[in-house]
Every structure is written in structure tokens, then in C-alpha cells.
Amino acid sequence: MTESAHVYIGFDSKEVVAYHVLSQSILEKSSIPVSFTPIVLDNLGKVFTRERNALQTTEFSFSRFLVPYLSNYEGWSLFADCDMLMRTDIAKLWELRDDRYAAMCVKHDYVPKVETKFLGQVQTKYEKKNWSSVILFNNAKCRKLDPDYVNTATGLELHQFKWLESEELIGELPPTWNWLVNEYEHNEAANLVHFTDGGPYFDEYKNDDYAQEWFDARERVLYVKQR
């Protein structure tokens, strides 16, 4: 039986369209069944209770770490920020899962080029910046990420993977699986591009690399065959 890819996508009310276009870009290229769960704050009820931090740029900055809990600590799950576009078959990413690790991500090593992001948000700079924007969770090995911990841990504890006993439990994905638009040069081989400064749906980023591909995917989201 073909295993399904379980995908959790951060959902932000300021950029609703991003969730749907990323989902479309995954669906239309996937050779395996895919299930989607949007991480929407209003859907989490009493599970996620932490107050919004002034430094967080999205509504899912911290709630993303509930993915193992929401997955009942079973199997593998993928988390991705919504401001992304899949350019290849997600099965290729799913094949990279390695049971030696509790979590897998692209281990970026860069200093952001800009001081502000979309909607004037401050571009915070810290070690392991953007590691958590794409995470393959080996859910059974992430039991520390329960609601109590996710609601009370510091932002750096969460985003720097300090909930793991050892750095050796963090597996490395190739950088093409979280290719940072504007931070990295255009790469035709990029599998999953990340509009980390701001998606093309914001006017100031509508001409960025891969933007036309994003707009083309948006058109396919709106497709209806008329009579």
C-alpha cells in the first residue's frame, strides 16, 4: 500500500491565498496520496493558549510545534510555512525520511539580507534561522512537544530544536527543499521555494524569483470547467 504524505501547513489570516496555492502546487505534482491539515489558531481551541509574541511574524510561529501532538505521535509528518511553492513531486521529499532522526530540516547558515519582511515585520536574526520553516517530524521521537511545552517554552527553545536531547537527532535535508527566495540565487533545481521575505501576493514582492510560477499556480487554484 502506498503511504500517504501527511502535510501540515501554517495558516495566516493575513495571507490566506498562500495556503491554498502551496497545497495546489503539492497536489498537482504528487505521485502519492497527500493529506493536508492547516494549522489555524482558531481551530486549536484550548490546545494552544500562548499569547502572541511581538516578534513573531506569522500566526503559526509557535503552533507549528504541535504537529507531532496533532499527529498522535505516530508516523511522519511534514510541516511547511505557507509562503512556499512546491516545484516537484513531494514523494521525492518523503523518500528522504530517516528513522535515525527525530526531525529533519534544511540547516541554513546565513544572515538575512534585509531588516524588514512583509507588512513591515522586523527580520529577526538568530542561530538556526529558518530551520523550522520546513520540518519532517518523526513524530514518535518528538513527544516532548506536548501542548504544555509548546505553550511555555521560549521561542528560541522551540525554533533552535532545544526540545531534542541532542543535535545529532536533527537530520539534514538538501537546501533545495527550502530554497530561500532573495536570500539565495535563482536555482532552477530548487524543489520547494520559500518566499521568506514576503510572498508574491504582496505588491512589493510580485516580481521576485519564481513569482510567475506562483501566479500560474494561483490561476490553477481558480480553475473551473464551464459548461
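This is a predicted model: local features need pLDDT of at least 70, side-chain atom pairs count only at pLDDT 80 or more; totals for chains, interfaces and linings use all residues.
Residues are numbered from 1 along each chain as its sequence is written, and side-chain values use heavy atoms, with hydrogens and water left out.

Let me start with the sheet, which is open, has six strands in the order 2-1-3-6-5-7, and shows mixed pairing; strands here are DSSP runs of E with at least two residues, helices are runs of H or I with at least four, and both are numbered from the N terminus, while two strands pair if DSSP finds at least two bridges between them. Strand 2 and strand 7 (170–172) stand at the edges with a single partner strand each, so one side of each has no neighbour in the sheet.

Within this sheet, strand 1 (residues 5–10) pairs with strand 2 (residues 34–39) in the parallel sense over six bridges, and Gly 10 stands opposite Ile 39 in strand 2. Strand 3 and strand 6 (residues 134–138), by contrast, pair in the antiparallel sense over five bridges, with Trp 76 opposite Asn 138 in strand 6.

Now to a residue of strand 3 (residues 76–80), namely Ser 77. Is Ser 77 buried or exposed? Ser 77 is buried, because its relative accessible area is 2%, and buried means under 20%, exposed over 50% and partly exposed in between, with a 1.4 Å probe and protein chains only. The side chains of Ser 77 and Ser 71 are joined by a polar contact of 2.7 Å. Beyond its neighbours within four places in sequence, Ser 77 is in contact, meaning heavy atoms within 4.5 Å, with residues including His 6, Tyr 8, Trp 94 and Phe 137.

Finally, the helices: the axes of helix 1 (residues 16–27) and helix 6 (residues 211–221) come within 9 Å and cross at roughly 90°, where axes are lines fitted to C-alpha atoms, for helices over the stretch in contact, and angles run from 0 to 180 degrees between N-to-C directions. Helix 1 is therefore roughly perpendicular to helix 6, a word that covers 65 to 115 degrees. Among the residues making this contact are Val 17 and His 20 of helix 1 and Trp 214 and Arg 218 of helix 6.

Notes:
A polar contact is a pair of N or O atoms within 3.5 Å; within protein, one must be able to donate a hydrogen and the other to accept it, and residues adjacent in sequence count only if both atoms are side-chain atoms. A crossover is right-handed if, with the strands pointing away from the viewer, the path from the first strand over the helix to the second runs clockwise. Angles under 35 degrees count as roughly parallel, over 145 as roughly antiparallel, 65 to 115 as roughly perpendicular and the rest as oblique.
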